[in-house]
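Colleague: I would like to learn how to read this model. Please take me through it one feature at a time.

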Amino acid sequence: MNIGLKRVRQIKYRASLLYNLRMAIAFLGTAFIPYFLNFQIATIPLTLGVVAAGLSDIDDRFTVRIMNLAYTYLGFFIAASAIQLLFPYPIIFAISLLFACICWVLLGSLGRRYATISYGCLVVSVYSMLGVHLFDTWYIQPSLLVIGAIWYGILSTISYLIFPIQPVQEKLALSYSSLGNFLFAKANLFDVDMTDESYKQSWIDLSLENSKLIQLFNEMKISLLTRLKGDRGRKSTRRSLQYYFVAQDIHERADSSHIDYQVLVEYFKHSDIIFRFQRILSLQGKACKDLSDSIRHRTKYEHNIRFKQAFENLNLSLKQLRQDYPNDPMWVNALHSLYKNLKSIDSQLINLETEQAINIGTSQQESLLLKDDDLKGFSDIVLRIKQNFTPESVLFRHAIRIGIVLFFAYIFIQTTHITYGFWILLTALFVSQPNFNATKRRLRLRIIGTLMGVIVGFGILYFIPSTEGQLTLLVISGILFFELRSKQYAQATAFITILALINFNLDGGFGYSAALPRLLDTMIGCFFAWLGVTFIFPDWKFRRLPRNIKKAFQAQCDYLNEVVKQYHHGKSNSLDYRFTRRAAHNSDAELASVISTLATEPFYNASKKTQSFDLLCLNHTLLSYIAALGAHREKIEDPDILKLLDQALSDITGVLLHDEMPDLTVSNVLQNIRERLSQDDANDQLAIVILQQLSLMFGILGQLRTLKQSLSYEQDDSSAFASL
């Protein structure tokens, strides 16, 4: 009985199952209610309204959710009505289409909410073109599209009211799962059998895992922020907030590096010490995975009992190491600092609930704040639009590109009178992405998915001729489309193609005749999208690489500056510190995203690609060195150490941002501190950590400076595609 209840409870909190149940009810309503009312043709706009609303769904607190839904319905009706009213006038329609696309995309500059709604309005616009012939009266199709959206909105709101914290819990679970992957990637750096090439690949893998984790942290922050605005007293929200801060703290400690791991592994290749560190990191990665499962299923997290013995044995190995290397304290001190970091992570995992109860006190309210990126008023709206109304803005370039692509696609349709031609516009809209690599990937998957959908759709129409059977498969196809759209794009495209063919079969039995045009129009739409991303404001990643490098280096220097301040004034997890730390990781993640796509882009020198990946590894290495300083930060009184930190900050900033050579005085200070600490005084352990971290930073500055200079110029051989 208890096992059964436990399984029911776990199913109850499965986010994907609840989401699929909501989509099933939505599509059942749009498919079978018109059937029972003998108004089957209404299934088409009602279903498309549900699809558009599902694509525009935004997780937010209740009051803002209602406002978002109102904006969405108004936008859908305006977009669909404009299509109906202007469709008979091709010239006016084409010009309106161009400017409407640009305006809808630029609306996204106001924030995530408006970007999502405006994208839904673009989708509704093209859906309206597909069904403009269905009804004689202009307002019937827009009304049915909005009714379908309202039907989905009702179900979505009911789901929110029953499980208000469930989306936050799901993002939190994903964050801890990704944190586990990050720890596994970190453990790979302690592989004693790795070569130079595999070591470099391990750093690249770690950077990419870090990029995924930072993206989840950002999404988690948005979900928490909107909940905190609505109910600051809800215990579940505060609990999630504490879990979020603990995850960030674990990430900072796990990302910190106290020594060059490649040299370390080679030095202790035949010692058990490396295996023990790797083992604990792997165990902590598994612990984060277990914690993710406990969050998702609302079960109590049980800390692995093997940690206690593992840390005891590691501590004994460190003591033995200190005896074996009495004249070489640098290695032992670095490993001891890493041991303390891992122990801190272990303590966070063990005492997560206890620390939550302590930190949620009213005296800690300031430290629980999150940076709010929402609009602050009309002046902020004007400012954001101005910031994006320039060719330097990725959003502006994408808006112009989408507008022109749809404009010329429409002209092509009008000129050729191609059958079901507005699928070309729909394909071009869905496939077009801000950069070449993402668009190229979607082109291939879209064509494959459409081909699969046409083949399966033919079989469905032939073997299941009954309306009831086809409506049932329409519901299943809609559910699977939403389940797979962010995971398997080709399969999702196949299911939305099946849904479209069934819809056309409901419109007078034209499913068979629409299948091949669907495939042809998809290929033509992909071709238009390819032309757009290649020749209209081409957004090659390598063109933005110098800007991303500069941004990443600036964020690193800002992060180091905040850490140095806290060595002067004392440790604080203030909003400024957390914001600066997050900005550094965001810029590192953005750099990783840019560089990881270079291998697929044409017009980029192969040697530059190698240099780019070298810079990616070194940039994340520098970030990990700064994170180690941050993990150990506390107020110190030693004037020599403080002087060293200030001088190092100045020199590192000069090298990274201004291509200056380091001041010779820092070398002198480093030498003096080394001599003073050569006695291995136990009272100077923190000073030893600081010295080691600064030495590591200065050890890679020259390489970073050289790589930055090599990569920070425009290539003449790629300038042919710089403009329209």
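Modeller: Start with residues 141–163: this stretch is 96% helix and 0% strand, and its end C-alpha atoms lie 33 Å apart. Helices here are DSSP runs of H or I with at least four residues, strands are runs of E with at least two, and both are numbered from the N terminus. The model is predicted, so local features need pLDDT of at least 70 and side-chain atom pairs count only at pLDDT 80 or more, while totals for chains, interfaces and linings use all residues. Residues are numbered from 1 along each chain as its sequence is written, and side-chain values use heavy atoms, with hydrogens and water left out.

Colleague: What are the helix and strand percentages over residues 117–135?

Modeller: There the chain is 74% helix and 0% strand, with 26 Å between the end C-alpha atoms. Both stretches, 117–135 and 141–163, are among those that the unreviewed UniProt entry annotates as "transmembrane region". UniProt positions follow the numbering used here, feature names are shortened, and annotations may be inferred rather than shown by experiment.

Colleague: Next, charge pairs. How many salt bridges does a search of the whole structure find?

Modeller: The general idea: side chains of opposite charge can pair when their charged atoms come close. The cut-off is a side-chain nitrogen of Lys or Arg within 4 Å of a carboxyl oxygen of Asp or Glu. The search finds 14 salt bridges.

Colleague: Which residue forms a salt bridge with Arg 633?

Modeller: Glu 252, with the closest N and O atoms 3.7 Å apart. This pair links distant parts of the chain, 381 residues apart: Arg 633 sits in the loop between α25 (606–631) and α26 (639–658), and Glu 252 in helix α10 (residues 235–255). Both partners are buried. Buried means under 20% relative accessible area, exposed over 50%, and partly exposed in between (1.4 Å probe, protein chains only).

Colleague: Why are Arg 276 and Asp 272 separated by about one helical turn?

Modeller: Because they are four residues apart in helix α12 (residues 272–297). Arg 276 is partly exposed at 28%. Asp 272 is partly exposed too, at 35%.

Colleague: Is Glu 483 buried or exposed?

Modeller: Buried, at 17% relative accessibility. Glu 483 forms a salt bridge with Lys 487, closest N and O atoms 2.7 Å apart. Elsewhere, salt bridges that share partners join Arg 22, Asp 57 and Arg 65 into one network.
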